[in-house]
2 protein chains.
Amino acid sequence: MHLPDKTVERLSQYRRNLLIILAKGKEFIFSHEIAQLLHITPVQVRRDIMLIGYNGTLRKGYDIKELIDLIGKIIDTDEGQNVCIMGLGNLGKAIMKYFSGKRPKLKIVAAFDTNQEKTGQLYAGIPVIHIDELKEKVRSMNISIGIITVPFDKAGETAEYLVAAEIKGILNFSSKPLNLPETIYLEEYDMVTSLEKVAYHTKRNKQ
Amino acid sequence: MHLPDKTVERLSQYRRNLLIILAKGKEFIFSHEIAQLLHITPVQVRRDIMLIGYNGTLRKGYDIKELIDLIGKIIDTDEGQNVCIMGLGNLGKAIMKYFSGKRPKLKIVAAFDTNQEKTGQLYAGIPVIHIDELKEKVRSMNISIGIITVPFDKAGETAEYLVAAEIKGILNFSSKPLNLPETIYLEEYDMVTSLEKVAYHTKRNKQ
DNA sequence: ATTTTATTGTTATCTTTATAACAAGAAATC
DNA sequence: GATTTCTTGTTATAAAGATAACAATAAAAT
């Protein structure tokens, strides 16, 4: 089954919001309720749900529990995937704490750094390991995803290490465009661009 | 002049990469060189540049300095815009340090928090102020952009404070969908969704 | 029992974004 | 000086994404 990129993004958001609603005791939800929550149209919600092959009930809506489980089957693997942080700087640390316990199927199991003063200890309960051990640890700890939080000028070589270690997917927080083989999925996450986008639109609103 | 959203994003990326190339002493650049750098097509580069009304030279390409300056005129204001961080947690701190000195036209000038143990001091040279003073400070410090880094369950009220303070644009790092008046530009930046997107594609590559 | 109402599922249309195609023209080569 | 080459600028086409329209139908109301 092929899903549009934007649908995958929204499925992630649906699930997170549905989990909160489920915890409040609600069992069923209408497309227009989900839509209002995320500020999108009900059609889009219904279309996304159609694409993953789920069926709601007329006049009752969607079974929240079932929908959450189905989204989980699409996004997550049964065993979950292990993730590593590349670079124990401010951003790396913030992300480690941010994700701590948040997504049981996506566990940050290690942080890698070149600085020997940082390695060999735990941070937020997660081992900080020297980058020389990356390849070995990716294999032994079954890590499939890497998050790059190192600065611009170190991002290139960090990516090369990850490629050599045969990682499967990368989330890149540095604004450096990476050169990767096609087999590795790359998601870019550029804070500067996001802020500049806000700046652009804010400027226009002011004028 | 109206620019497509995606073009604005790329302009930000063009500029950052061009600044580095300019610093290396290069004066002119071809569309296919920019394209290769960012892993996009040369047509797209040319089209974006066409849309902002810049003209290159045949067989010589684009004047890097001129292009950088023009992108600056589009994204930035002459005086620059002031930015504040909402929430001095791990993410807020990381972002403050990350942006420190990086974008002279987008200056983080204050961080706001509710915790009285955090307020009244400086962090990374930036004053940490109690949120009760938000409205007054937004006016007196001429802040137009707010970055929300508080957790999910605090994001709603934080946004309300920003709305009351008449902020112009918001960059939201919490995954909480915000309810804002149309006049405020909102950019969402959801790490969990990004990581889950990687997880989804990585899973597919594995199978 | 019939009619009305509300909601899903899906196709059709529109909008946005990206790519392809190519004319125009300057520089380089012959 | 004529021809070839290379690169821009722009229009035409294609692909992705969002919205509109509406049939189907179960539940509620009459």
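My entries on the helix pair and the DNA strand follow.

Ground rules first: this is a predicted model, where local features need pLDDT of at least 70, side-chain atom pairs count only at pLDDT 80 or more, and totals for chains, interfaces and linings use all residues. Residues are numbered from 1 along each chain as written, chains are lettered from A and ligands numbered from 1 in written order, and side-chain values use heavy atoms, without hydrogens and water.

**Helix pair.** I looked up H5 (residues 90-99) of chain A against H5 (residues 90-99) of chain B: the angle is about 165° and the axes are 8 Å apart. Axes are lines fitted to C-alpha atoms over the stretch in contact, and angles run from 0 to 180 degrees between N-to-C directions. H5(A) and H5(B) are therefore roughly antiparallel (over 145 degrees). Helices here are DSSP runs of H or I, at least four residues, numbered from the N terminus. The contact (heavy atoms within 4.5 Å) uses Asn90(A), Leu91(A), Ala94(A) and Lys97(A) on one side and Asn90(B), Leu91(B), Ala94(B) and Lys97(B) on the other.

**DNA strand C.** I found 25 residues around DNA strand C, with Ser31(A), Arg46(A), Gly56(A), Leu58(A) and Arg59(A) coming nearest; "around" needs a heavy atom within 4 Å.

Then I checked polar contacts (N or O pairs within 3.5 Å). A side-chain N or O atom of Thr41(B) is 3.3 Å from a phosphate oxygen. Arg47(B) has a polar side-chain atom 3.5 Å from a base oxygen.

Terms used. Helices (H or I, at least four residues) and strands (E, at least two) are DSSP runs, numbered from the N terminus. Angles under 35 degrees count as roughly parallel, over 145 as roughly antiparallel, 65 to 115 as roughly perpendicular and the rest as oblique. A polar contact is a pair of N or O atoms within 3.5 Å; within protein, one must be able to donate a hydrogen and the other to accept it, and residues adjacent in sequence count only if both atoms are side-chain atoms.
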